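Please keep the sequence and the structure in view while reading.

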Amino acid sequence: MTFQLERIDHVQLSAPKDSEETAVKFYRDILGFEEEEKPEALKPNGGVWFRNGIIALHIGIEDPFTPLKKAHPAFEVSGIDALQTHLEGAGISTKWDSKLPNAKRFYVNDPFGNRIEFLEWQNK
């Protein structure tokens with residue numbers, strides 16, 4: 001092959017029309033992402049972009065909107081128990097799952113119903 005996939009550039013999740021402020025409150029204020037400026041040519045599409053270190057997350061507007069219930073991004077974290085406590089304290093329900101060997105993980109739904117996984121590998 002004459003090409004090589006290098007890395008994931010970003011993950012995009014969808015949200016309903018006019019939900020940018022709600023996305024900012026969740027992804028920036030609760031999860032600690034920084035909001036990124038979208039290119040001028042893409043601003044009319046709505047949505048909002050975020051970054052946390054090498055993780056880029058784009059929230060795109062879909063109308064009509066249907067949340068992702070099974071497909072999801074998974075974010076590797078350190079201090080997963082502290083994250084779970086933080087999220088529960090912010091009123092966000094977490095659901096632990098022990099099916100993945102050597103991983104401690106839980107799921108949440110973002111304010112739009114999209115599934116998100118957080119995991120911390122054990123004995124890495």
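Contact means that heavy atoms lie within 4.5 Å. The model is predicted: local features need pLDDT of at least 70, side-chain atom pairs count only at pLDDT 80 or more, and totals for chains, interfaces and linings use all residues. Residues are numbered from 1 along each chain as its sequence is written, and side-chain values use heavy atoms, with hydrogens and water left out.

Helices (H or I, at least four residues) and strands (E, at least two) are DSSP runs, numbered from the N terminus. Strand S8 covers residues 115–121, and six of its seven residues are buried, that is, under 20% relative accessible area with a 1.4 Å probe and protein chains only.

Two strands pair if DSSP finds at least two bridges between them. Strand S7 (residues 103–109) runs antiparallel to S8, and seven bridges join them; Val-108 stands opposite Ile-116 in S8. Five residues lie between the strands of this hairpin, where Gly-113 takes a positive phi near 95°. Strand S5 (residues 74–76) pairs with S8 in the parallel sense over three bridges, and Ala-74 stands opposite Glu-117.

Glu-120 touches Val-77, Ser-78, Gly-79, Ile-80, Asn-102, Ala-103 and Lys-104, not counting residues up to four places away in sequence. Which side chain of opposite charge is nearest to Glu-120? The answer is Lys-104, 6.1 Å away. Lys and Arg count as positive and Asp and Glu as negative, while His and the chain ends are not counted. Glu-120 is buried yet has no salt bridge, a term for a side-chain nitrogen of Lys or Arg within 4 Å of a carboxyl oxygen of Asp or Glu. A polar atom of the Glu-120 side chain does lie 2.9 Å from the backbone nitrogen of Gly-79.

Glu-117 also lies in S8. Glu-117 counts as buried because its relative accessible area is 5%. Its neighbours in contact include His-72, Phe-75 and Tyr-107. The side chains of Glu-117 and Arg-105 are joined by a polar contact of 3.2 Å (a pair of N or O atoms within 3.5 Å; within protein, one must be able to donate a hydrogen and the other to accept it, and residues adjacent in sequence count only if both atoms are side-chain atoms).

## Helix H1

In helix H1 (residues 20–30), Ala-23, Val-24, Phe-26 and Tyr-27 are buried. What covers these residues includes strand S1 (11–15), strand S3 (48–52) and S8.

Definitions and conventions: Buried means under 20% relative accessible area, exposed over 50%, partly exposed in between (1.4 Å probe, protein chains only).
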